Amino acid sequence: MSPASTGYQAPTVTVGSSLPKRKVDGSVLIVGVVSGEGDDAKATVVGNPFLDAEAVGEIEVALEALGAKGGSDQVTRVIAPSLPVASVLAVGLGKDRENWPSEVIRRAAGVAARSLNGTESVITTLSDIDLAATIEGLILGAYRFSDFRSEKTAPKDNGLRTITALTADTKAKTKEAAVRATDIATAVATARDFVNTPPSHLYPAEFADRATALGLSAGLEVEVLDEKALAKGGYGGIIGVGKGSSRPPRLVRLTYRGGKGKRARTVALVGKGITFDTGGISIKPAANMHHMTSDMGGAAAVIATVVLAAKQKLPIDVIATVPMAENMPSATAQRPGDVLTQYGGITVEVLNTDAEGRLILADAIVRACEDNPDYLIETSTLTGAQTVALGSRTPGVMGSDEFRDRVASRSQEVGENGWPMPLPEELKDDLKSTVADLANVSGSRFAGMLVAGTYLREFVADGVQWAHIDIAAPAYNTGGPWGYTGKGGTGVPTRTMFAVLEDIAQNG
């Protein structure tokens, strides 16, 4: 994604109600199959109005010959001569159900897309079960990042370029739903692109330029504060973290104004944008430090989300405040024991320079609250303790009780699986400092995720409903691919935040 890029370029999606009349060379038809009962059960095609008995028979006979059982995420490619496609890709959905969860279809579509091996055109009947989940799964499953590969290892094909989603209903609302799903998947992929871009090419100034290009292309108001403006404005957390690097920090503000009338809501989004995190003077171990290219995953998701809100013309105001810095050790870096003054006046003793995310976020939260938002959502790859507590795929959601639960609920509905966590009052005592208002870390090794959330709570203005989403592991997949998620940036929690924005737009 170049500095002038307007984000990830998704495949073209069309909605149809029938298969093409003539054979489409190189195309693949993706169908869902379910498994029967018993050890000798055969895979059967999920009922749909697009295939006649002859075609279904061809597919099921071929699947039986290959021993396919229709188990979840199993993919089998076969030939069906009566169909106007080059081949059929059957993806297992597991046991047949009357009502299919969206995440089952999203994951199945993603598994199918990952196995396409350069196919440029697909047609699918999965969309008749769940149109939006199918489109999201196909686009995200087909996602790949090859910007830094030479001709020697770059893909020789163009990847997935067109998707035809078959559905019995092709009315205007159905087509609108397809556009919405495409926009959501594109936003997630744009966030992935940001995360996957190496820190040699995505440093604070460059990140700010790319965010600006995206914002302007979406019609957003854009404001960028450089290191001089940050110092003059009193952003001590951002300056403190960034002063160890030769590449100075930035603060980017992207504003979408879609609210109309007195009842229109304002939502603040804040995302951590550490373009690389060595830990500073409190340097991290060398093993896996390269994963810290993902430490701006929160910022990437926030930028993608505010642009998505504009594309979908949500009837609310959304203001993104995104601090960007590189945390490096050097002769100018902040030291353990230094005291800085956060934006707004709270003084902080920096006991550990590797707890830098909360320092830049505190500045951004205070600034965001000056806009008098009704809600504030902040997300960040903040603590290793999130991984210890919840694993690699489950974000921790903290904040004001009612809004925390609302955010976690929307997250679970869209398949990002955020889980509500408490912020016990007694944890604030662990952040006492002998020389400043607060210390940036606790003296205890326990409840690290909750301690970080407790720190951030000190900077949220009274009366603002807020949520903090810790995505330390979920933002970056270091294991094998699964469902619609490949290795590297995942785009989490873009879909969660957008779902919450839609909920607020509809229900206040």
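Start by selecting aspartate 371: its relative accessible area is 23%, so it is partly exposed (buried means under 20%, exposed over 50%, partly exposed in between, with a 1.4 Å probe and protein chains only). Before you go on, note that this is a predicted model, where local features need pLDDT of at least 70 and side-chain atom pairs count only at pLDDT 80 or more, while totals for chains, interfaces and linings use all residues. Residues are numbered from 1 along each chain as its sequence is written, and side-chain values use heavy atoms, with hydrogens and water left out.

Arginine 367 counts as buried at 16% relative accessibility.

Next, pick aspartate 374. Which residue does its side chain meet in a salt bridge? That's arginine 265, at 3.5 Å from N to O. This pair links distant parts of the chain, 109 residues apart: arginine 265 is in the loop between strand 9 (250–257) and strand 10 (266–271), and aspartate 374 is in the loop between helix 9 and strand 15 (375–380). Helices (H or I, at least four residues) and strands (E, at least two) are DSSP runs, numbered from the N terminus. Arginine 265 is partly exposed at 32%, and aspartate 374 is partly exposed too, at 26%.

For another pair, go to helix 5 (residues 204–217), where glutamate 206 and arginine 210 sit four residues apart, about one turn of the helix. They form a salt bridge with the closest N and O atoms 2.9 Å apart. Glutamate 206 is buried at 11%, and arginine 210 is buried at 7%. A search of the whole structure finds 30 salt bridges.

Time for the annotated spot. Select Asp277, Asp354 and Glu356, which an unreviewed UniProt entry labels "binding site"; UniProt positions use the numbering here, feature names are shortened, and annotations may be inferred rather than shown by experiment. They are spread over 80 residues of sequence, yet cluster in space, with a largest C-alpha distance of 8.6 Å.

Zoom in on aspartate 277, in strand 11 (residues 273–277). Is aspartate 277 buried or exposed? At 2% relative accessibility, it counts as buried. Leaving out residues up to four places away in sequence, aspartate 277 touches several others, including Lys284, Asn327 and Glu356 (contact means heavy atoms within 4.5 Å). A polar atom of its side chain also lies 2.8 Å from the backbone nitrogen of glycine 279.

Glutamate 356 is in the loop between strand 14 and helix 9 (357–369), and it counts as buried at 0% relative accessibility. Among its contacts beyond four places in sequence are Val241, Lys272 and Asp295.

Last stop: strand 14 (residues 347–350), which pairs with strand 18 in the parallel sense over two bridges. Two strands pair if DSSP finds at least two bridges between them. Pick valine 348 and you'll find its bridge partner, leucine 438, in strand 18. Zoom out to see three strands in an open, mixed sheet, in the order 13-14-18. Strand 13 (338–341) and strand 18 (438–439) stand at the edges with a single partner strand each, so one side of each is left without a neighbour in the sheet.

How values were computed. A polar contact is a pair of N or O atoms within 3.5 Å; within protein, one must be able to donate a hydrogen and the other to accept it, and residues adjacent in sequence count only if both atoms are side-chain atoms. A salt bridge is a side-chain nitrogen of Lys or Arg within 4 Å of a carboxyl oxygen of Asp or Glu.
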